[in-house]
Amino acid sequence: MEEAIAIIIVTITILISNWRIRKWKKEAATAYFIIGQKATTSDESEWAYRKAFKYGHTNAKLFYIYAAANTFSGRKPLTPFTITSDKGESPIVAIFYDYYIRTKHLPYASDIQQEITQRVLELKDGLNPSSDLYSEALRTLEAYFNENWKTPQGPTIIFMPCSSEQAYFNRFATLARSLSQRYHYNTAIDAIQYTNSRSSKHRSQNRNAIESNSNIVISPKIIGKQVIIIDDVITTGNSLHQFAKELRTYGVTIKAAVFLAQTAKYPTDKELFREIRKIT
């Protein structure tokens with residue numbers, strides 16, 4: 001009888017203890033989530049959302065993923081990096097301003113990520129060239145290379161081909177004019193000429209099957225020159241390497257590539273939990 005009572009007491013004690021642990025974890029998750037919402041730095045929000053997610057807050061996962069975008073992509077905004085190709089093409093130094101977030105996840109993104117995503121959409125529609133952000137990225141690259149690109153001898157800025165001539169000029173003509181007139185860079189919006197239209201990589205489900213240079217020819221005016229390639233978003237870098245390969249056949253040297261945004265990587269659960277275990 002005494003043994004049975006002892007077992008009951010121990011069981012009740014364990015249940016109470018587990019209940020208190022669950023209650024504490026729930027309260028901790030809520031507290032960390034609030035800290036993440038009120039954080040004033042990206043490092044603080046990443047730390048708080050990671051803790052909230054670890055302790056089981058149901059809304060913390062996506063907030064943590066986009067707060068930790070640098071970690072999961074392996075790249076940092078306005079920080080030069082090298083894009084390599086698995087097909088043996090020469091690596092390209094590149095830079096982007098910040099992250100592009102899929103539209104349905106925008107509520108979980110930071111203020112700057114939401115702004116950049118909106119800027120990307122406006123650029124695609126020809127509504128906002130974001131020349132101020134591109135010029136900042138270009139200045140960062142100039143410091144990285146320790147060169148002045150605003151001289152007449154500086155590299156020529158050209159633009160990534162689009163699905164059609166109309167889409168190309170709609171997206172980049174104002175940006176080219178602003179970078180030239182306001183920021184004094186050498187730009188060549190007419191560096192590529194269109195032969196026809198092709199499927200849009202942005203809308204295609206098999207974007208890698210569409211070659212960016214499949215509907216264009218290269219203008220003689222950039223043969224043998226150093227160029228900087230500008231585009232709106234980088235995801236895999238395949239389109240950039242396809243275009244760069246075509247340019248190199250004309251003796252063009254790829255100095256660097258500049259993007260308004262990098263598509264934020266959405267990690268698998270395995271990658272997510274591996275990162276949680278590694279840090280905490």
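Student: Hi! What volume does the second largest pocket have?
Tutor: Hello! In this predicted model, the second largest pocket has a volume of about 500 Å³.

Student: Which residues are the closest to its centre?
Tutor: They are Ser42, Ser45, Ala67, Ser110 and Gln113, out of 27 residues that line this pocket.

Student: And which elements give two or more residues to that lining?
Tutor: There are five helices and a strand to look for: helix 1 (2-38), helix 2 (42-54), helix 3 (60-67), helix 4 (69-73), helix 5 (111-124) and strand 2 (92-100). Helix 2 provides the largest share, with five residues.

Student: How many of the lining residues are nonpolar, polar or charged?
Tutor: The second largest pocket is lined by 13 nonpolar, 10 polar and four charged residues.

Student: Let's stay with helix 2. How do the axes of helix 2 and helix 3 cross?
Tutor: Those two axes come within 8 Å of each other, crossing at roughly 150°.

Student: Is that crossing left-handed or right-handed?
Tutor: For helix 2 and helix 3, the crossing is left-handed.

Student: Which residues meet there?
Tutor: On the helix 2 side, look for Ser45, Glu46, Tyr49, Arg50, Ala52 and Phe53; on the helix 3 side, Ala60, Lys61, Phe63, Tyr64 and Ala67. By class, this contact has seven nonpolar, one polar and three charged residues.

Student: New topic! At what angle do the axes of helix 6 and helix 7 cross?
Tutor: Helix 6 (residues 131-145) and helix 7 (residues 165-181) have axes that cross at roughly 55° and come within 10 Å. Because of that angle, helix 6 is oblique to helix 7. Their crossing is right-handed.

Student: Which residues make the contact?
Tutor: Helix 6 contributes Ser131, Tyr134, Ser135 and Leu138, while helix 7 contributes Leu175, Ser178 and Leu179. Four residues of this contact are nonpolar, three are polar and none is charged.

Student: What about cavities, how many of 30 Å³ or more are there?
Tutor: The structure holds one cavity of that kind. The largest cavity contains about 40 Å³ of space.

Student: Which residues line the largest cavity?
Tutor: Its lining consists of Leu123, Gly126, Leu127, Asn128, Pro129, Asn170, Arg171, Thr174 and Leu175. Leu175 also belongs to the contact of helix 6 with helix 7.

Student: Which helix gives the largest share of that lining?
Tutor: Helix 7 does, with four residues. Sorted by class, the lining of the largest cavity has four nonpolar, four polar and one charged.

Terms used
Residues are numbered from 1 along each chain as its sequence is written. This is a predicted model: local features need pLDDT of at least 70, side-chain atom pairs count only at pLDDT 80 or more; totals for chains, interfaces and linings use all residues. Side-chain values use heavy atoms; hydrogens and water are left out. On a 1 Å grid over the protein atoms alone, a cavity is a set of points where a 1.4 Å probe fits but cannot get out, and a pocket is an open set with protein on both sides within 12 Å along at least five of seven lines; lining residues have an atom within 4 Å of a point. Grid points are joined across faces, edges and corners, and a volume is the space filled by probe spheres set on the points. Ala, Val, Leu, Ile, Met, Phe, Trp, Tyr, Cys and Pro count as nonpolar, Asp, Glu, Lys and Arg as charged, and the others, Gly among them, as polar. Axes are lines fitted to C-alpha atoms, for helices over the stretch in contact, and angles run from 0 to 180 degrees between N-to-C directions. Angles under 35 degrees count as roughly parallel, over 145 as roughly antiparallel, 65 to 115 as roughly perpendicular and the rest as oblique. A crossing is left-handed if the near helix is turned anticlockwise from the far one by less than a right angle, and right-handed if clockwise. Contact means heavy atoms within 4.5 Å.
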